[in-house]
Amino acid sequence: MTAPPIPAGPVIGIDLGTTNSLAAIMGPDGPRVLLDRDGEALIPSVVSFLDGGRHVVGRQARAMAILNPRRTVYSVKRLMGRSYEEVAAERAMLPYAIGPSDLAKLVLVDIDGRRYTPQEVSALILSEVRSVAEAALGRKVEKAVITVPAYFDDSQRQATRDAAKIAGLTALRIVNEPTAAALAYGLQTRREGTIVVYDLGGGTFDVSVLKITQGVFKVVATHGDTHLGGDDFDQLIMGRILDLVAQRTGTDLKVHPEALQQIRLSAEALKCRLSSEERSALEIETGSGAPLRYELTRAQLEDLIRPWIERTLEACRAALADAKLKASQVDEVVLVGGSTRIPLVRRAVQELFGRVPHCELDPDKVVALGAAVQADVLAGGSRDLLLLDVIPLSLGIETIGGAFAKLVTRNSTVPCRATEMFSTSVDNQTAIEINVFQGERELVKDCRELGRFKLRGLPPMPAGLPRVEVTFLVDADGVLTVSAKEQRSGVEAAIDVVPSHGLTREQVKGIIKESILNAQADFKARDLVEMRNKAHNLVQGTRRVLGMQEMPFTAEQRRELEADIARLEVLGRGEDVAALKRAADEFGSKTQALADDVIGAAIKAELLRASGGLKG
Amino acid sequence: MTALSAPTATCPRCGAAPASTLACQACGALLDEPAGATHFARLGLPPRPDVDLAAAERAYLRLSRALHPDFHGGAGEAAVEHANRASALLNEAWSVLSLPAERLEYLLELRAPGALEGAKQLSPAFLAEALELSEEAEAAAARPAQAAALAARVRAEVDRRLAAVLRPEAWQAPDPRALATTLHELRVLRRVLRDLGDSA
């Protein structure tokens, strides 16, 4: 068989995480993560909004969390595709403001009165991932495979796809994170088997049971705790340190946010060291007298975190029970997430499943690496792997009395479709409204509303006569599209989609347009910074030359240069990039001539000295 | 019962006669399905009650590779849409044909449309037996060992009935009512199995 044309340009895999995000790509020796200029792969999923409409993403943004807490957004993944009511419980834990939207059941992030959808914030993170990838590859990147938790429903997947679109990326495929982890380990070569993916990250814990049957991956059960992770362990250590400081010095550091931040980072580093060392210590500056020493052994840390680890094991047992499996029936266990480096976690998982878990790959990078494996398939690189995913929740429509009629049952292989016949109840009715839900319960009020589909343009007929065949198609990403045709007339109905928790196509388009405008503002801001730096360097260099005693400047030249410097400094404090650029360019060419003279003079002096030396 | 002929066409790209109505096995082209294409025709299988499952699975996976939207990303949005639609049909075909009871119901509907719905009347003897099984299942709900034993018994009963209707000879009778009745009885027994937590 001849292959269809291969998409142009590279396709990268992106792990868009709650705490960190990163990209990977398939290379000749397998998948590899893409590094930024500092050699780092992990980009903190944090966006900090600055003055003048600017923002920073990643490590820089995370550093701003203390200084700029109300305008620094993290954990935005928790808000994706959700309504304000659904995430209201999160509000107390988030230092930034969130609010409801007038348009849909959509939560918005509020930064000084400017409201952002979670899709837009995620798009800023994706843009950063994208520019790191482009710098690493030296090529433009426009296509990606993006991972999501297995339990993400249609609205959350759609929100992820919209975020990519806003970031100028086409999400060729949305892949489940546990499936990606299994791909990173090459477990797809197994035709049959049961895989458990244990994912303990910074702030969330997920466990998924995957079944491979006849080469098809199915997520058969998933459990977890959306607020359990390495951050909790840091907090435990921090609490101990604060107690020690209070006890020894009588100082309560809780009221000093900067000191707290410092201690949090030290506690995290201490925790990480204890994964390889038996005991470790840190010193705390208390501001008065000698620094305090705090020592912790691995055994003590294990005692501290044991109750949390036990909770993850409980979730594993629940997932196994849902999958109707015994721990001994599991063929492979895969560890994902930075917190699985903790030896106690590995021991506990190994003990529960009675087998050594896979941890050969970096647990922070496994998901991105797996996404790159699938990205390679989509880029036309490999046709060996066929990843068939399933729809995580049943999909259906509201019928009489608020009952939920399932059209596609959960765990059906996607793409899948269902058709349903509809008719009218009133003479000459030309429109029908269909409410689509996702869930496993009997009544729609217990399921999640995905959206309302309004069919328009039906030919007018007596009530009950039209036969409208509505096709629900769930694509390879688990995302629904609906089409409808009136069978008697053959008229294709127009469909307006009103997503309950997401954005309409028009809204996404609007955001994209706006963000292009924003991008221009971003460019301006960046230009200004660059130009200021350039002017600053010019001024510094010229000052140095002016300070040299041996330089034969006339008094007039000196006055002129001083005046130019003063003008440049005034412009450098302003916002007018064009004026600053003009002045800097002029000054640059003037000082270039000067520099030539300086070099000429230096050479002349050197020659004189040299010839003098020869003579002498 | 009406005889079925697999819709044949030639591949517009290479001219070969495709085994499946969804894709050409010779050149990999996605095909526009002829009207009335059946799940059997989609998988390139003869419309028979007994299916060689291993061979059918090979065909399913081979066609999945040809049809899956993953492999049509470079050919534009329309091709991806076609691939999504075709893959959905293929998945539906496989999910129906890979399960014997569902396959037989589907085949009966093809051969004798309406026969299955027209033969809902089950014998009082069978209904009494089914009611008893349901009650036993309910009583065994809290006792796993008892439930497992009952499930094994019902499963054997299901298998016995299935074996009878899987034989092509059972499909040679001109009257489809006996087949329809057996398939209805199978539905009832499978529901008991499901209630017992036996999803197989």
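Guide: Let's start with a term: a residue is buried if 20 or more other C-beta atoms lie within 10 Å of its own, exposed if 12 or fewer, and partly exposed in between, with C-beta atoms placed from the backbone. This is a predicted model, in which local features need pLDDT of at least 70 and side-chain atom pairs count only at pLDDT 80 or more, while totals for chains, interfaces and linings use all residues. Residues are numbered from 1 along each chain as its sequence is written, and chains are lettered from A and ligands numbered from 1 in the order in which they are written.

Chain B has eight helices and zero strands (DSSP runs numbered from the N terminus: helices are H or I, at least four residues; strands are E, at least two). The C-alpha trace of chain B spans about 60 × 40 × 25 Å along its principal axes. Of its contacts (C-beta atoms, placed from the backbone, within 7 Å) with a separation of 6 or more, 56% join residues 24 or more positions apart.

Now for the backbone of chain A. Most residues other than glycine have a negative phi, and most peptide bonds are trans. A:Asp112, however, has a positive phi of about 50°; this residue sits in the loop between strands S9 (107–111) and S10 (114–116) and counts as exposed because it has 9 C-beta neighbours inside 10 Å. A:Lys324 also has a positive phi, about 55°, in the loop between helix H8 (298–322) and strand S18 (332–336). With 13 such neighbours inside 10 Å, A:Lys324 is partly exposed. Finally, the peptide bond from A:Val414 to A:Pro415 is cis, and A:Pro415 belongs to the loop between strands S20 (403–408) and S21 (416–422).

How values were computed
Contact = placed C-beta atoms within 7 Å.
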